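I am opening my notebook for a first walk through this structure. Come along and check each entry against the picture.

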Amino acid sequence: MAHLLGAEALHLDFGTGPVLAGISIGLDDGDRIGMVGTNGAGKSTLLKVLAGRIEPDDGRVTVARGTRIGVLDQSDHVDESLTVAQAIVGDRDEHEWAADPRVRDIMAGLVPDLPAEAVVGDLSGGQQRRVALAHVLVEDHDAIFLDEPTNHLDVEGVTWLADHLKRRWPANRGALLVVTHDRWFLDEISTRTWEVHDGEVDQYEGGYAAYVLQRVERDRIAAVTEQRRQNLMRKELAWLRRGAPARTSKPKFRIDAANELIADVPPIRDAVKLHRMAAARLGKDVVELVRVGVSYGDKQVLKDLDFNIGPGDRIGILGENGAGKSTFLRLVTGDQEPTSGRVKTGLTVRVRQLSQQLAELEDLADQRVSAVVKQYSSIQLSDGQEMTPSQLLERMGFTSAQLKTPVGRLSGGQRRRLQLLVVLLSEPNVLVLDEPTNDLDTDMLAALEDLLDSWPGTLIVVSHDRYLMERITDQQYAVVDGGLRHLPGGVDEYVELSRERRAGGTSGIGTFGQGDDAPVTSATPVTAASSTLTGAARREVEKELKAVERRMAKIQELTEGTHHEMAMHDQSDFAGLATLMKSLQALEDENAALEERWLELGEQLG
């Protein structure tokens, strides 16, 4: 395996303390490395030092002869006088680049909505960012460094990029270094993870899920004092192990170790308690859309839409750009009237939206953080706990020193966290989140998700971050052909159906309230499977599911007992040990079959 790049004893200090303190790391052929760390920890700085864009105060970076490195950092801009085609492929003639399958794939994956002759200066910032990423990918590099490449990509774009990078840099060929807060993307593309903190780099094998496990083990062994952060990561691990079926079926970390670490972690959300408390605050009626249509001139975005949002529902909304996601959100918040039909909102409903533009903080730039939250009172969570504004600030990572900082001087991530707290402290009972992951690092995303787990209200989320979508919502819907299509298979189903639609095949995507599909009567579990179950049949499935869970718990107990018995058994008694091994294998086989049945029953129930 060829060595591509090495860094030795890197030191860098911008005058406020060391950003890099004696770091020595390297990149080899086949490395696909995801870099994580809190905002300001030095991830982007390290990437720029390794790329030769910043000189360290001490130490050196050596690059193997002939190694070609491509870089996309957050400050890269495209020449605004160029066309899209010129910015991506340079001076190559159209017939030349159009005949190159790799270029066509990149164009289709990143800029399908942009004409080749469009002028870069006329594009939005997000579109220019996609053009810059396409330019880096088109070139033939041995190593590629990407800083937040998933920004401005939708779910399909993120999925395409992950697939492209895995095909482009397989094992033992080339190297990839990515800084991103997108945890699903990290898990898909990374074979190793670097955590940057306190001027150092800790290295882990595997992607985000493996990193979570190893970090929890490291914290437990070291008996660290950051107990609250450790608990968050254990909760994150619990979700990874127990959560989305697509994750539980991937053996990305040692299952036995994971089970042991989460043995005393309660379920991520108490759905019954959440719905009960939400209903007490909201009543039965939240927001109902009845035969709703919305048109902009001759373009109809939504048509004949029936949809009911209930108390405590946690709904994720997916869809292509321009499909109508924002229109749907504005209908829910009351910021838009339908062209036809009506929107019925409960009398006790208080809707607040976390906007992408930080609008909630526009008039607060000169106020200190402490003064902003001082005007609010405590809020109550579904577990009965009351949290003061100060406790919420601490939970979201604000230090005592930052409380005295004017809002206008906060970093992007700090402003985003404060924005969320201001929205929550205003005590809405329906919360709309529009791309809430912007500017947040992975630790803060875990803290946000933990806080929302116990927030007693109805939650509607639009996000390209599929990890967050799977983590904090219970049901996902796609805005398709003017309606909402339920996705029992979650984000994976949406990506697959979108691919089929783009390929011109029969996607099977219908819309509720249209065509052959029945109107939606509730946003809480309505799935293709559950819609065909009668009340009695559903109860039978639920009964079997509980029986399967009880048997799995019993098998876990028997397995632990067998392991203990083997440890205490006479090691010279080979026949006895063989019998115990046979028993253990039988338990593991039965448990595997039960897990498959558990997933099948869960899909039937939605």
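Before anything else, I noted how burial is judged: buried means under 20% relative accessible area, exposed means over 50%, and partly exposed lies in between, with a 1.4 Å probe and protein chains only. I also noted that this is a predicted model, where local features need pLDDT of at least 70, side-chain atom pairs count only at pLDDT 80 or more, and totals for chains, interfaces and linings use all residues. Residues are numbered from 1 along each chain as its sequence is written, and side-chain values use heavy atoms, with hydrogens and water left out.

**Entry 1: a strand and its neighbours**

I looked up strand S19, which covers residues 475-480. Helices (H or I, at least four residues) and strands (E, at least two) are DSSP runs, numbered from the N terminus. How many of the residues of S19 are buried? Six of the six are, so the strand is largely enclosed by the rest of the structure. Gln475, Tyr477 and Val479 point one way, while Gln476, Ala478 and Val480 point the other way.

Next I checked the partners of S19, knowing that two strands pair if DSSP finds at least two bridges between them. Strand S12 (residues 314-318) runs parallel to S19, with four bridges; Ile317 has Tyr477 as its bridge partner there. A hairpin is formed by S19 and S20, with two residues between them. In that turn I found Asp481 with a positive phi of about 50 degrees.

Arg416 sits in helix H16 (residues 412-425). Is Arg416 buried or exposed? Arg416 counts as buried because its relative accessibility is 3%. Its side chain reaches the backbone oxygen of Glu435 at 2.6 Å.

Asp29 belongs to the loop between strand S2 (18-28) and strand S3 (32-36). Asp29 is buried too, at 16% relative accessible area. The backbone nitrogen of Gly174 is reached by the side chain of Asp29 at 2.9 Å.

**Entry 2: salt bridges**

I counted a salt bridge when a side-chain nitrogen of Lys or Arg is within 4 Å of a carboxyl oxygen of Asp or Glu. The structure holds 22 of them.

I picked out Arg167 with Asp105, whose closest N and O atoms are 2.9 Å apart. Arg167 is in helix H6 (residues 155-168) and Asp105 in helix H4 (residues 101-110), so this pair ties together parts 62 residues apart in sequence. Arg167 is exposed at 52%, whereas Asp105 is partly exposed at 25%.

Then came Glu188 and Lys166, with their closest N and O atoms 2.9 Å apart. Glu188 lies in helix H7 (residues 183-189) and Lys166 in helix H6, so the pair ties together parts 22 residues apart in sequence. Glu188 is buried at 14%, and Lys166 is partly exposed at 28%.

My last pair was Arg551 and Glu590, at 2.8 Å between the closest N and O atoms. This one links distant parts of the chain: helix H20 (residues 535-568) holds Arg551 and helix H21 (residues 574-605) holds Glu590, 39 residues apart. Arg551 is partly exposed at 32%, and Glu590 is partly exposed at 30%.

Note on methods. A polar contact is a pair of N or O atoms within 3.5 Å; within protein, one must be able to donate a hydrogen and the other to accept it, and residues adjacent in sequence count only if both atoms are side-chain atoms.
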